[in-house]
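I opened this entry to keep track of what I looked up. The notes follow the order in which I checked things.

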Amino acid sequence: MLIGEIHAPECSKKKLPLGALIVHLNDAHHWTRERIAAWVADPDVPQDESHAHH
Ligand SMILES: [Zn+2]
């Protein structure tokens with residue numbers, strides 16, 4: 001689980017608390033809730049457009 005301020009994966013200069021970051025990703029980057037949930041669960045996984053996650 002992510003704690004504290006977190007770098008948004010698509011805006012390297014932005015740091016927000018998790019709740020605000022989720023809103024930001026959804027609102028500004030149009031991430032789906034699924035994608036946000038997957039990223040929150042495993043933030044070290046590179047986020048790209050492929051679905052090669054096994
Ligand atoms: Zn952003």
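Entry 1, overall layout. I counted two helices and two strands in the protein chain. Here helices (H or I, at least four residues) and strands (E, at least two) are DSSP runs, numbered from the N terminus. Along the sequence I read the pattern β-β-α-α. Residues are numbered from 1 along each chain as its sequence is written. The model is predicted, with local features needing pLDDT of at least 70, side-chain atom pairs counting only at pLDDT 80 or more, and totals for chains, interfaces and linings using all residues.

I looked up pLDDT, the predictor's confidence in each residue, from 0 to 100. The protein chain averages 76, and 67% of the residues score at least 70. Among the elements, strand S1 (residues 5-8) has the lowest mean pLDDT, 69, while H2 has the highest, 89.

Of the 54 residues of the protein chain, 9% count as buried.

Which residues are buried in H1? I found Leu21, Ile22 and Leu25. They cover an arc of only 105 degrees around the axis, so they sit on the same side of H1. The arc is that of the directions from the helix axis to the C-beta atoms. An α-helix has 3.6 residues a turn, so residues three or four places apart point the same way. On the other side of H1, I found Gly19, Asp27 and Ala28 exposed.

Glycine 19 lies in helix H1, which spans residues 18-28. Glycine 19 counts as exposed because it has 8 C-beta neighbours inside 10 Å. The C-alpha atoms of valine 23 and isoleucine 36 are separated by 9.5 Å, the two being 13 residues apart along the chain.

Where is histidine 30 found? I located histidine 30 in the loop between H1 and helix H2 (33-41). Its phi is near 55 degrees, a positive value in a residue other than glycine. Histidine 30 is exposed because 8 other C-beta atoms lie within 10 Å.

Notes: Buried ≥ 20, exposed ≤ 12 C-beta atoms within 10 Å, placed from the backbone.
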